[in-house]
Amino acid sequence: MNFTVDEMNIISIYDTSGRGNVISEMKQALPFVDDKEIRKIMTAAILKLEHMTDTEFSGIEFLSDTEPEDLEV
């Protein structure tokens, strides 16, 4: 499953310790998002998350999970 950069950035804001956590937190936040473009990106990301397996999700490296010293400059 390929996420856009915008989708990855938004997903990284949430608890990425598990696919269910991300989906739940994003769905809870969605009603409070006023920006139509952000809502569109979040909705697309939620749909992609719902259609992937936990194994697929665990293979994704999120920026928030990366230690600063792990980043290549």
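Student: Which elements do the buried residues of α3 pack against?
Tutor: The buried residues of α3 pack against α1, α2 and α4. Contact here means heavy atoms within 4.5 Å, and helices are DSSP runs (H or I, at least four residues), numbered from the N terminus. This is a predicted model, where local features need pLDDT of at least 70, side-chain atom pairs count only at pLDDT 80 or more, and totals for chains, interfaces and linings use all residues. Residues are numbered from 1 along each chain as its sequence is written, and side-chain values use heavy atoms, with hydrogens and water left out.

Student: Which residues in α3 are buried?
Tutor: Ile41, Met42, Ala45, Ile46 and Leu49. Buried means under 20% relative accessible area, exposed over 50%, and partly exposed in between (1.4 Å probe, protein chains only).

Student: And where do they sit around the axis of α3?
Tutor: They fall within an arc of 135° seen down the axis, so they line one face of the helix. The arc is taken from the directions from the helix axis to the C-beta atoms.

Student: What's on the face turned away from the buried side?
Tutor: That face of α3 carries the exposed residues Lys36 and Lys40.

Student: What caps the N-terminal end of α3?
Tutor: Asp35 does, with a side-chain oxygen 2.9 Å from the backbone nitrogen of Glu37.

Student: OK, switching to charges. How many salt bridges does a search of the whole structure find?
Tutor: Three. A salt bridge is a side-chain nitrogen of Lys or Arg within 4 Å of a carboxyl oxygen of Asp or Glu.

Student: Which residue does Glu7 meet in a salt bridge?
Tutor: Lys48, at 2.8 Å, N to O. Glu7 lies in helix α1 (residues 5–11) and Lys48 in helix α3 (residues 36–50), so the pair ties together parts 41 residues apart in sequence.

Student: Is Glu7 buried or exposed?
Tutor: Glu7 is buried, with a relative accessible area of 4%.

Student: What about Arg19, which residue is its partner?
Tutor: Arg19 pairs with Asp54, and their closest N and O atoms are 2.8 Å apart. Arg19 is in helix α2 (residues 19–29) and Asp54 in helix α4 (residues 54–58), so this bridge joins parts 35 residues apart in sequence. Arg19 also counts as buried, at 17% relative accessibility.

Student: And which residue does Lys27 bridge to?
Tutor: Glu50, with the closest N and O atoms 2.6 Å apart. That pair links Lys27 in helix α2 to Glu50 in helix α3, 23 residues apart. Lys27 counts as partly exposed at 44% relative accessibility, and Glu50 counts as partly exposed at 34%.

Terms used: Helices (H or I, at least four residues) and strands (E, at least two) are DSSP runs, numbered from the N terminus. A polar contact is a pair of N or O atoms within 3.5 Å; within protein, one must be able to donate a hydrogen and the other to accept it, and residues adjacent in sequence count only if both atoms are side-chain atoms.
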